Amino acid sequence: MNKHKRQVLQYILPPLITLILVSISLCVEGVFPFGSKTIDYYDMGQQIAAFYYHVYDALHGTKSLFYDWYSALGTNMTMNTSGCSSISIFNLLLYFVPRDSILQALSLFTMIKMACMSFTMYIYLNKVMKADYLWKLTFSVGYGFCGFALMYYITNQWLDVAVLLPLVMYGLLRLIHEKKTKMYLICLALCFMGSYYQTAMIVIFIILFTGLYLLLEEMEKQERNAVIWRLMLSSFAALLLSAYVVIPQLVQTLNSTRFSNNVKEGNFYLNILSQVRGA
């Protein structure tokens, strides 16, 4: 029983320390819930807060998740499903927040997501790394406070994917060594549903990681080929599972002004990639 309690404490400590450190920061600055201040600059104030209001209304049955008649005389909200993580378990927190307090509560959302990042990273490190607990604790908390989490406060819905990433990587290692694909497939599908923007970069990382890993790991050529096939089929299956969200998202994105603005400059994203120097 003592061993069980110790293991539970080891799992609880990384997110708990993260919560305490973020709480101290918010308290020192007088940010909600320790004051009346908010951090709602740039994208947070212009679109993300409004997005959470829309999701709140959808959860409470007063609006459709996929269309909003009350914005711009009617707006297709499909882009929010994966691009802005409207299909997210974290959004259930909106059931515990009054509608007129959503803007203030976004600091709490970020705090909870950072704590969950520390928790999932500890799961990963504890499963795959042979190291002292202090090192696992340090790097788990460090992941919760990584630059991505701190910079993307203004678009904190993307932290959902950061929570899932350690689980995706643990699932990938199980796919390679144990021939078990379920965890990788499910977690990657949840990433696609959370944000296909961020997941596209994760897929690139998975390809690079797996390629290098297979080169360094001692295994037969036949076994390497089997790993590659399992990875390809599982990744494709994850995309199919999330297709009901991702395909409408892609259709709307490709029809947006960033991809087809019908002006001399042409494709917005391709122009960025073709420039030698940025503006």
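Me: At what angle do helix H7 and helix H9 pack, and how far apart are their axes?
Reply: In this predicted model, H7 (residues 159–178) and H9 (residues 196–216) pack at about 30 degrees. Their axes lie 12 Å apart.

Me: Why are H7 and H9 called roughly parallel?
Reply: Angles under 35 degrees count as roughly parallel. The H7–H9 angle is about 30 degrees, so the pair is roughly parallel. The crossing of H7 and H9 is right-handed.

Me: Which residues make the contact of H7 with H9?
Reply: From H7 come Val-161, Leu-165, Val-168, Met-169, Leu-172, Leu-173, Ile-176 and His-177. H9 brings Gln-198, Thr-199, Ile-202, Phe-205, Ile-206, Phe-209, Thr-210 and Tyr-213. By class, 12 are nonpolar, four are polar and none is charged.

Me: Which residues have the most contacts inside the largest nonpolar core?
Reply: They are Met-117, Tyr-124, Leu-172, Tyr-184 and Ile-206, in a core of 42 residues. Helices giving two or more residues to this core are H1 (2–29), H4 (102–128), H7, H8 (182–194), H9 and H10 (221–241). H7 gives the most, with 13 residues.

Me: What is Leu-172 in contact with, leaving aside its neighbours within four places in sequence?
Reply: Leu-172 is in contact with Tyr-184, Ile-206, Phe-209, Thr-210 and Leu-231. Apart from the 42-residue core lies another core, of 15 residues, among them Ala-49, Phe-51, Ala-105 and Leu-106.

Me: What makes H1 and H4 roughly antiparallel?
Reply: The cut-off for roughly antiparallel is an angle over 145 degrees. H1 and H4 pack at about 150 degrees, with axes 8 Å apart. They are therefore roughly antiparallel to each other. H1 passes H4 in a right-handed crossing.

Me: Which residues of H1 and H4 make their contact?
Reply: The H1 side is Gln-10, Tyr-11, Pro-14, Pro-15, Thr-18, Leu-19, Val-22, Ser-23 and Leu-26. The H4 side includes Met-111, Met-114, Phe-119, Tyr-122 and Lys-127. The contact has 12 nonpolar, six polar and one charged residues.

Me: How do you know whether Ser-23 is buried or exposed?
Reply: Buried means under 20% relative accessible area. Ser-23 has 19%, so Ser-23 is buried. Ser-23 is found in helix H1. Beyond its neighbours within four places in sequence, Ser-23 is in contact with Phe-34 and Met-111.

Me: What makes Lys-179 exposed?
Reply: Exposed means over 50% relative accessible area. Lys-179 has 61%, so Lys-179 is exposed. Lys-179 lies in the loop between H7 and H8. Phi of Lys-179 is near 60 degrees, a positive value in a residue other than glycine.

Me: Where is Pro-33 found?
Reply: Pro-33 is in the loop between H1 and helix H2 (43–59). The peptide bond from Phe-32 to Pro-33 is cis, with omega near 10 degrees.

Key
Residues numbered from 1 in each chain as written. Predicted model: local features only at pLDDT ≥ 70, side-chain atom pairs only at ≥ 80, totals over all residues. Heavy atoms only, no water. Axes fitted to C-alpha atoms, helices over the stretch in contact; angles between N-to-C directions. Helix = DSSP H or I, 4+ residues; strand = E, 2+ residues; numbered from the N terminus. Parallel < 35°, antiparallel > 145°, perpendicular 65-115°, else oblique. Left-handed = near helix turned anticlockwise from the far one by under 90°. Contact = heavy atoms within 4.5 Å. Nonpolar A, V, L, I, M, F, W, Y, C, P; charged D, E, K, R; others polar. Core = buried A, V, L, I, M, F, W, Y, C linked by side-chain atoms within 4.5 Å. Buried < 20%, exposed > 50% of the residue type's maximum accessible area, 1.4 Å probe, protein only.
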